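Biologist: I would like a close look at a single part of this model. Please take one region and stay with it.

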Amino acid sequence: MTAVDERGITKFFEEFEPPEGVKVELLRGVVVMMASPDIVHNMIVADVQDQIPRSRWSRLQTQDVDILNEASEPVPDLVVVERGLLPDSGRLLPSQLVTMVVEVVSKSSVHQDYVVKRSIYAAGKVPAYLILDPIMAQCVLLTRPEGQGEDANYLTQQITKFGDPVMLEVLGAELDTSDFGTFPGVRPHRYP
């Protein structure tokens, strides 16, 4: 895709008003739409947000993130930014201000969360990417981003089962996962 095409898609994306109950993201030039999330998903996001100290961190749900040099504007389930670094307003939050992003896997987002967004957030140099997976009952913490574009990746990956604590060193916090719910009757996947 050329730079002209990417600007055209980005402009369209900025002006597009999705129907109520639909989440829309721009991922490497592709507009992705998903239905509103499950209660299990929303409760996990709320539980994580409650455990990140508000005195030190701004915790934003569904905030559009601007990834430098990418035709991507992902909308993580939770964005964590050091208090005092947020711009006064705006739809797009520059990825270089973000300390951690959180995605909760849904039945339809497995590939996007584990593969596509992994390289997008790494390309944006987001220090930590936490994938919470109610299908597999696990947390995947990715740190140490490296590389550019589709070749970008995280060098460190830590997998923790729901019920065990996850140390979030970048935030100086420990995440209690014992109340995280799971999706019953959903076929397991093969990621990460």
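Which strands does helix α3 lie across, and at about what angle does the helix run to β8?

Modeller: The model is a predicted one. Helix α3, residues 110-123, lies across β7, β8, β9 (138-146) and β10. The direction of α3 is at about 165° to β8.

The strands under discussion belong to an open sheet of six, ordered β3-β5-β7-β8-β9-β10, in which the pairing is mixed. The edge positions are taken by β3 (57-60) and β10 (153-161); each has a single partner strand, so one side of each has no neighbour in the sheet. From one strand to the next the twist averages 15°. Another helix, α2 (residues 39-51), also packs on the sheet and touches β3, β5, β7 and β8. The angle between the direction of α2 and that of β7 is about 155°. Within the sheet, β5 (residues 78-82) and β7 (residues 98-104) run antiparallel and are joined by four bridges. Val80 is the residue that stands opposite Met100 in β7.

Strand β8 covers residues 128-133, and Asp133 lies in it. Asp133 is buried but forms no salt bridge. The nearest side chain of opposite charge is that of Lys161, 8.4 Å away; a salt bridge would need the charged atoms within 4 Å. The side chain of Asp133 does have other polar partners. With the side chain of His189 it makes a polar contact at 2.5 Å. The Asp133 side chain also reaches the backbone nitrogen of Met136, at 3.1 Å. Apart from neighbours within four places in sequence, the contacts of Asp133 are Val105, Tyr114, Gln138, Phe162 and His189.

Beyond β5, the loop between β5 and β6 (92-94) holds Arg83. Arg83 is partly exposed, its relative accessible area being 36%. The side chain of Arg83 makes a polar contact of 3.1 Å with the side chain of Ser58. Leaving out residues up to four places away in sequence, Arg83 touches Arg54, Ser55, Arg56, Trp57 and Ser58. Arg83 and Arg59 are 24 residues apart along the chain, and 9.0 Å separates their C-alpha atoms.

For the setting of these parts, the protein chain has three helices and 12 strands. Its 192 residues include 46% that count as buried. Of the contacts between residues at least 6 apart in sequence, 59% join residues at least 24 apart.

Definitions and conventions
Residues numbered from 1 in each chain as written. Predicted model: local features only at pLDDT ≥ 70, side-chain atom pairs only at ≥ 80, totals over all residues. Heavy atoms only, no water. Helix = DSSP H or I, 4+ residues; strand = E, 2+ residues; numbered from the N terminus. Buried < 20%, exposed > 50% of the residue type's maximum accessible area, 1.4 Å probe, protein only. Lys, Arg positive; Asp, Glu negative; His and termini not counted. Polar contact = N/O pair within 3.5 Å; in protein donor to acceptor, adjacent residues only side chain to side chain. Contact = heavy atoms within 4.5 Å. Pairing = 2+ DSSP bridges. Axes fitted to C-alpha atoms, helices over the stretch in contact; angles between N-to-C directions.
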